[in-house]
Amino acid sequence: VKHIRMIHRLSAIASATLMIVAATLVLTSAGCGASARTKVLQTTLTVTNAARDAYVSWDAAHQREIVDAAKTLDESKAKLAEYRATQAKVVTLFEGVYRAIAVATLLKDDPTSLANLAAASGLLMVELHSLTGGKI
Amino acid sequence: MTARDALKMAGVAIDGIDLLAHLAGIGGPADAVLTAVKTGLEALAKGNAGTMSAQAVVAQLDLLHDGIKANNAAADAYEAAKFGTKP
């Protein structure tokens, strides 16, 4: 029940991805068939692509807001640099998820690849949710 | 084909269909997100994703890198315009 409540607090994509993560873990522990495994990977890829597009859109607006809020050029540059350190972290997390999907696609008989993918997806979505204040 | 139909054809669980309803309520980027999901799911429904390769997955990263690069350049240009400097 605690986990269900937590999932409900998360928004759109994060919620869906956590469901996929949960399904992935179930399938992993149950030793899922090729068809179910492929479906999990395809759905995870689709949701990750959607999260990527949402993040890129949010990122553009957020950087503009940073410049708008700055009173001086130095302040603007400092705030943008500060944000871009976080942006780099998010990009790294996306890279981790995409590579985990790719690895799971290649290693069809390796159950740990799905668990690794679930972990990478979970980290990304928690970071996105935190960074965007729940918008992603 | 509607996104919901595509989802059903792809065999996505009811939670996945609820996802679309959530996405539609996100706000600004909802249309882009919805389109991306719909396109992806239509590909699934047509069976194109059955040939999903590791290379194709990693290629999705390029779209992320390109998007971030464009955003950073746009923000720098916006900053330069606001403060009257060269980006």
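Colleague: What percentage of the 87 residues of chain B count as buried?
Modeller: Of those 87 residues, 37% count as buried. Buried means under 20% relative accessible area, with a 1.4 Å probe and protein chains only; over 50% is exposed, and in between is partly exposed. This is a predicted model, where local features need pLDDT of at least 70, side-chain atom pairs count only at pLDDT 80 or more, and totals for chains, interfaces and linings use all residues. Residues are numbered from 1 along each chain as its sequence is written, chains are lettered from A and ligands numbered from 1 in the order in which they are written, and side-chain values use heavy atoms, with hydrogens and water left out.

Colleague: How many helices and strands does chain B have?
Modeller: Four helices and zero strands. The pattern along the sequence is α-α-α-α. Helices (H or I, at least four residues) and strands (E, at least two) are DSSP runs, numbered from the N terminus.

Colleague: Switching to packing. How many residues are in the largest nonpolar core?
Modeller: It has 32 residues. Such a core is a set of buried Ala, Val, Leu, Ile, Met, Phe, Trp, Tyr and Cys residues joined through side-chain atoms within 4.5 Å. Among those with the most contacts inside it are Y55(A), F94(A) and L64(B).

Colleague: Which elements give two or more residues to this core?
Modeller: From chain A, α3 (34-69), α4 (73-106) and α5 (111-131); from chain B, α4 (54-83). α4(A) gives the most, with twelve residues.

Colleague: And what does L64(B) touch?
Modeller: R52(A), V56(A), V91(A) and F94(A), leaving out residues up to four places away in sequence. Contact means heavy atoms within 4.5 Å.

Colleague: How many aromatic pairs over all chains?
Modeller: Four, from a search of the whole structure. Rings of Phe, Tyr and Trp (its six-membered ring) pair if their centres lie within 6.5 Å; planes under 30 degrees apart count as stacked, over 60 as edge-to-face and the rest as tilted.

Colleague: Why is the pair of Y55(A) and F94(A) tilted?
Modeller: Their planes are at 35 degrees, so the pair counts as tilted; the ring centres are 6.2 Å apart. Y55(A) sits in helix α3 of chain A and F94(A) in helix α4 of chain A, 39 residues apart.

Colleague: Is Y55(A) buried or exposed?
Modeller: Buried, with a relative accessible area of 0% for Y55(A). F94(A) is buried too, at 0%.

Colleague: Which residue lies over the face of Y78(B)?
Modeller: R64(A), at 3.8 Å from the ring centre. A charge sits over a ring if NZ of Lys or CZ of Arg is within 6 Å of the ring centre and within 35 degrees of the ring normal.
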